Amino acid sequence: QCQQISVFAPRVGDIQVRHATNASGGGVFSRLRTKIDKSSEKRKEKAADEQFDLMMQAMVNWEGRPTLRKYRTFLAAQADKAGINGWRSKLPGVQQMQEVEDFKATMSVLD
């Protein structure tokens, strides 16, 4: 499926650089990137489904009526379990993740 073309082939010393493309015209690395993105998206969806199931199970087991206080307690426990409040929050880039920002906004509303 891969074919080498020399649309742009600069010479580097004695080595000629060629760009590989697949039959659909996309690069090999873009195809690999697409596979990685799809795999990552599937993993995120699976984690979100598991988290939703866990939340529903916890809500079913609550005694009495569900309240925002119980919901906040549940979210805080899940944040501790995920490490959002621990050492993982100190890793570069974690505080800027959209999920972490959404979580903090939710917690500030519940406080």
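Reader: Which residues does R72 touch, not counting residues up to four places away in sequence?

Author: The model is a predicted one, in which local features need pLDDT of at least 70 and side-chain atom pairs count only at pLDDT 80 or more, while totals for chains, interfaces and linings use all residues. Residues are numbered from 1 along each chain as its sequence is written, and side-chain values use heavy atoms, with hydrogens and water left out. A contact means heavy atoms within 4.5 Å. With residues up to four places away in sequence set aside, R72 touches M107, L110 and D111.

Reader: What separates the C-alpha atoms of R72 and M107?

Author: R72 is found in helix 2, where helices (H or I, at least four residues) and strands (E, at least two) are DSSP runs numbered from the N terminus. R72 and M107 are 35 residues apart along the chain.

Reader: Is R72 buried, partly exposed or exposed?

Author: Buried means under 20% relative accessible area and exposed over 50%, with partly exposed in between (1.4 Å probe, protein chains only). The relative accessible area of R72 is 29%, so this residue is partly exposed.

Reader: Which residues of helix 2 are buried, and against which helices do they pack?

Author: The buried residues of helix 2 are F74, L75, A76, Q78 and A79. Their packing partners are helix 1 and helix 3.

Reader: How far does helix 2 reach from its first C-alpha to its last?

Author: Helix 2 has 15 residues. The expected span of a helix is 1.5 Å times one less than its number of residues, which gives 21 Å here. Just after helix 2, G83 takes a positive phi of about 90 degrees. The reach of helix 2 itself is close to the expected span, at 21 Å.

Reader: What is the relative accessible area of V100?

Author: V100 lies in helix 3 and touches V94 and Q95, when residues up to four places away in sequence are not counted. The C-alpha atoms of V100 and S89, 11 residues apart along the chain, are separated by 9.1 Å. V100 is buried because its relative accessible area is 6%.

Reader: In what order do the elements of the chain run from the N terminus on?

Author: The chain has 3 helices and 4 strands. From the N terminus on, their order is β-β-β-β-α-α-α.

Reader: What percentage of the contacts with a separation of 6 or more comes from residues 24 or more positions apart?

Author: The chain has 111 residues, and buried residues make up 14% of them. Among contacts in the chain with a separation of 6 or more, residues 24 or more positions apart account for 26%.
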